[in-house]
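Please look first at the sequence and then at the structure shown below.

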Amino acid sequence: MYFLKGERLIMVRQQLLNGQNPVRDSMKLLFDGPSTSLQAKGYYTALPRELRLISYTIQEDTIILRLNNAFDAVSGGSSQIRAAIAQLVYTATAQKGIKRVSLTVLGREGQPLVIGGEGIVIDKALTREQVGL
């Protein structure tokens, strides 16, 4: 999964929870945030702690992540919102064969996401190149 350190997005390898569902496991670990030892080293997350993966679907090289409404709580200005999106995209595309990530919020499937006071709009699947920090 990917956490932030300073202004950079850094890959952090962690043992998956049970190895049965790497997508769900990696998202849970991402949403739980960095461990206490990683926090002591300066790692943090731009994602709200309450964020959860409701479900996901894989279509060819695209994963569609259905998130709970806590995604609406992403805040901290446009740089923090972009960092939160990058954490999701980079973590999801770490899965074999996944190149693009589509984000939806429960109850608003098929609608563009408008995030934060800056009104960042997500209306298509995103690649690492589009969200890179």
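The model is predicted: local features need pLDDT of at least 70, side-chain atom pairs count only at pLDDT 80 or more, and totals for chains, interfaces and linings use all residues. Residues are numbered from 1 along each chain as its sequence is written, and side-chain values use heavy atoms, with hydrogens and water left out.

The chain contains 4 helices and 8 strands. Here helices (H or I, at least four residues) and strands (E, at least two) are DSSP runs, numbered from the N terminus. Along the sequence they follow the pattern β-β-α-α-β-β-β-α-β-β-β-α. The radius of gyration is 14 Å, close to the 14 Å that the globule rule gives for 133 residues, so the chain is as compact as a globular protein of that length. This radius is taken over C-alpha atoms, and the globule rule is 2.2 Å times the number of residues to the power 0.38. Along the principal axes, the C-alpha atoms fill a box of roughly 40 × 35 × 25 Å.

Of the 133 residues, 44% count as buried. Buried means under 20% relative accessible area, exposed means over 50%, and partly exposed lies in between (1.4 Å probe, protein chains only). Among contacts (heavy atoms within 4.5 Å) between residues at least 6 apart in sequence, 61% join residues at least 24 apart.

Strands S1 and S2 pair in the antiparallel sense over 4 bridges; two strands pair if DSSP finds at least two bridges between them. Lys5 has Arg8 in S2 as its bridge partner. The two strands S1 and S2 form a hairpin with 2 residues between them, and Gly6 in the turn has a positive phi of about 65°. S1 is also joined to S3 by 2 bridges, and these two strands run antiparallel. The bridge partner of Leu4 in S3 is Tyr44.

An open sheet of 3 strands has the order S4-S5-S6, with mixed pairing. Which strands stand at the edges of this sheet? They are S4 and S6; each has a single partner strand, so one side of each is left without a neighbour in the sheet. On average, neighbouring strands of this sheet are turned by 20° against each other, direction ignored. S4 and S5 run antiparallel and are joined by 6 bridges, and Tyr56 has Leu65 in S5 as its bridge partner. Helix H1 packs on the sheet, touching S4 and S5, and its direction makes about 135° with that of S4. For such angles, axes are lines fitted to C-alpha atoms, for helices over the stretch in contact, and angles run from 0 to 180 degrees between N-to-C directions.

The interior comes next. A nonpolar core is a set of buried Ala, Val, Leu, Ile, Met, Phe, Trp, Tyr and Cys residues joined through side-chain atoms within 4.5 Å. In the largest such core, which has 43 residues, Phe31, Leu65, Leu67, Phe71, Ile85, Leu88 and Leu103 touch the most other members. Among the elements that give two or more residues to this core are H1 (22–32), S5, H3 (78–92) and S6. The largest share, 9 residues, comes from H3. Leaving aside neighbours within four places in sequence, the contacts of Leu67 include Phe31, Leu53, Leu88, Leu103 and Thr104.

Thr104 is in strand S6 (residues 100–105) and counts as buried at 9% relative accessibility. Beyond four places in sequence, its contacts include Ile64, Leu65, Leu67 and Leu113.

Pro48 is found in the loop between strand S3 (43–44) and strand S4 (53–59). Is Pro48 buried or exposed? Pro48 is buried, with a relative accessible area of 11%. Apart from neighbours within four places in sequence, Pro48 is in contact with Phe31, Ala70, Ala73 and Val74. Pro48 and Gly33 are 15 residues apart in sequence and 8.9 Å apart in space, C-alpha to C-alpha.

Glu60 lies in the loop between S4 and strand S5 (62–67). Glu60 is exposed, with a relative accessible area of 79%. Although Glu60 is not a glycine, it has a positive phi of about 55°.
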